[in-house]
Amino acid sequence: MKLLLRLLTAVAAALVACTSVHLLGSGVGFSGATWVSSTSSRATVSAARDWTPPTVSLSDPGPGISGTVTLAAAASDNVAVHDVRFQYSVSGSGAWTGLCTVTAAPYTCSWNTTAVADGAYDLRAVATDTSGYTASSVASTQVVNTLRVVLTNPGDLLHGATTVSARIYNTPLSLLTTFEIDSAPAGGTKWTPICASVLASTLSCSWNTPATGSYDVRAYAVVNGTSYTDTATDVLVDNTAPTVSLTNPGSTLSGVVTLATTATDADSGLVSVEVQYARAGTSTWTDVCTATAAPWSCRWNTTTVAGGSYDLRAIAVDNAGNSATSALVRGITVDNTVNSVSLNDPGAYLSGAVVLTANAASTNGVGSVQVQQRPAGSTTYTTICTTGTSPYGCTWDTTKVANGAYELRAFLTDAKGNTLASAVVSTTVDNSPLRAVDVQTTNGGSIVGRVQPGDTVQLTWSTTVQTTSVASGWDGSSRSITVQLSDNGMNDTLGFPGTNLGTLALGQNYVKKAKTVTFAATTTAATVTASGVQRSVVTVTLGAQTGGGTVTAPGAATIVWTPSSLLTSLAGVACSTSPATESGTTDKDF
């Protein structure tokens with residue numbers, strides 16, 4: 001993301017003539033300071049000689065370390081590595097302390113662990129190249145300079161048979177009377193042994209995980225009559241397959257069609273739904289497409305297969321690795337000797353200039369394709385554009401129509417004059433004066449894909465907002481707020497209680513089941529100018545975390561931001577509640 005920020009900054013600088021142009025969306029960052037605008041009579045642009053960040057890998061120090069240890073990292077760059085910095089942090093705190101900076105290979109650092117308290121730590125190596133780009137690598141360990149039992153982190157999500165292990169440090173084995181690994185339902189006190197050992201400092205075994213649910217796992221030792229434990233809490237065991245069914249797309253298919261499924265998983269959440277086809281009566285299956293996000297549907301270009309009868313099925317896979325196969329949809333006929341036309345869904349909410357695309361085929365030859373719109377509930381279509389060449393489509397200026405619900409379709413006329421209308425696609429046009437434009441996040445913590453202190457959220461509106469409508473008495477300068485991360489299955493939410501910033505649907509699992517994690521945070525507001533329009537950007541930076549339960553998101557996702565209607569513009573216009581979808585490449589946001 002840092003690389004993208006630098007690239008977009010350079011592009012923006014090149015476009016400056018008389019007025020500074022500041023790009024919104026696509027991950028572009030803004031200063032936390034309150035800034036209004038700037039002008040310049042000329043601009044000088046120099047091309048960077050290097051757009052490639054370095055690579056760095058921190059060697060795993062092991063589950064437990066003591067005394068003075070040597071940390072090692074490997075780093076490289078297409079031009080040159082300037083330095084590698086070694087840092088440590090109490091696990092989950094997000095506060096990094098420097099250990100040393102090394103300017104030449106081998107990149108190693110000596111750490112006297114007796115200078116810190118025993119406990120769990122994150123370690124980080126940060127490589128910087130000669131152009132200033134950085135990359136980091138993180139490892140976790142425990143400092144054990146006193147008698148301590150350490151459970152190797154089993155992970156947030158388990159399935160089937162899995163290995164669990166533990167070690168006890170700094171004790172004479174002759175004084176060790178009990179050493180075992182146990183499990184219990186989360187929050188319970190009735191521990192069930194997984195495995196045990198006597199007179200051994202290490203313990204490892206295979207755990208045939210029990211029924212789906214949340215469990216605590218602990219390493220338990222008794223030394224000279226004193227007990228020692230290390231516990232991993234709220235570990236999700238998921239041994240339950242998802243459910244999936246494939247909607248019958250129709251008895252005869254042609255052109256590009258949507259294959260829709262209904263799929264759910266109440267535990268670890270779905271990771272994908274794959275649709276496959278096979279010639280009717282055979283068992284050789286071929287992938288059609290894979291959906292990686294709700295509504296778990298995808299498009300099938302039937303012109304890529306021979307005409308005939310086919311069976312279809314869907315396979316759903318959850319994040320634990322459980323899978324389920326739908327019942328077959330049998331005897332679907334593919335026949336592309338007839339005309340076909342379909343309109344690709346542009347999204348549920350549209351504003352500004354929107355690209356509309358259609359698919360069309362005809363054995364007679366495609367004469368023309370019209371893209372049309374009508375207000376929902378009306379009977380008359382208006383043609384947006386007509387084209388006779390592929391790709392079929394055009395740009396629709398939605399500012400030329402009233403806000404509201406619309407129905408879109410593509411209308412095919414073949415070379416012989418035969419006509420065919422596509423299925424209708426429903427959408428909503430919203431060009432309200434004040435609306436959400438974009439949401440972006442930046443990882444500032446130690447683990448990519450986990451919500452942590454240091455992460456930032458950036459919210460952009462279409463025009464300047466009244467900061468006092470965001471929070472009472474706020475002038476846009478740095479202000480303390482609270483941020484809540486709440487479980488919502490595989491679409492966890494981020495909220496900002498006490499403000500009118502709205503809510504974010506994160507599209508992935510970031511917190512354990514039924515958990516809510518709170519962060520102290522700071523927020524600032526800025527006004528930027530984009531294409532001559534002033535817009536407000538609010539940046540929220542996460543601080544100290546209260547409560548455990550955050551997990552690393554298993555995959556990439558796109559955030560959907562639902563703004564609050566209680567927020568207003570400088571003119572007193574209420575904000576539209578139409579959601580804004582995160583722009584740019586789908587990624588692990590935090």
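Which residue forms a salt bridge with Arg-218? The partner is Asp-182, and the closest N and O atoms of the pair are 2.9 Å apart. A salt bridge here is a side-chain nitrogen of Lys or Arg within 4 Å of a carboxyl oxygen of Asp or Glu. Arg-218 lies in strand E15 and Asp-182 in strand E12 (residues 176-185), so the bridge ties together parts that are 36 residues apart in sequence. Both residues are buried, where buried means under 20% relative accessible area, exposed over 50%, and partly exposed in between (1.4 Å probe, protein chains only).

The model is predicted: local features need pLDDT of at least 70, side-chain atom pairs count only at pLDDT 80 or more, and totals for chains, interfaces and linings use all residues. Residues are numbered from 1 along each chain as its sequence is written, and side-chain values use heavy atoms, with hydrogens and water left out.

Of its 590 residues, 45% count as buried. Contact means heavy atoms within 4.5 Å. Among contacts between residues at least 6 apart in sequence, 66% join residues at least 24 apart.

The count of salt bridges comes to six. One of them joins the side chains of Lys-515 and Asp-234, at 2.9 Å from N to O. Lys-515 is partly exposed, with a relative accessible area of 29%, whereas Asp-234 counts as buried at 16%. Lys-513 forms a salt bridge with Asp-267, with the closest N and O atoms 3.7 Å apart. Lys-513 lies in the loop between E39 and E40 and Asp-267 in the loop between strand E19 (256-264) and strand E20 (270-279), so this bridge ties together parts that are 246 residues apart in sequence. Asp-267 counts as partly exposed, at 22% relative accessibility.

The loop between strand E39 (503-505) and strand E40 (516-530) also holds Ala-514. Ala-514 has a positive phi of about 65° although it is not a glycine, and it counts as exposed at 71% relative accessibility. Asn-224, another residue other than glycine, has a positive phi near 50°. Asn-224 is found in the loop between strand E15 (213-223) and strand E16 (226-237) and is exposed, at 60% relative accessibility.

The bond from Ala-105 to Pro-106 is cis, with omega near 0°, and Pro-106 is found in the loop between strand E5 (97-102) and strand E6 (107-112). A cis bond also joins Ser-390 and Pro-391, with omega about 0°; Pro-391 lies in the loop between strand E30 (382-387) and strand E31 (392-397).

Strand E30 contains Thr-387, which is buried, with a relative accessible area of 14%. Leaving aside neighbours within four places in sequence, Thr-387 is in contact with Ser-368, Val-369, Tyr-392 and Gly-393. Thr-387 and Leu-176 are 211 residues apart in sequence and 81 Å apart in space, C-alpha to C-alpha.

Notes. Helices (H or I, at least four residues) and strands (E, at least two) are DSSP runs, numbered from the N terminus.
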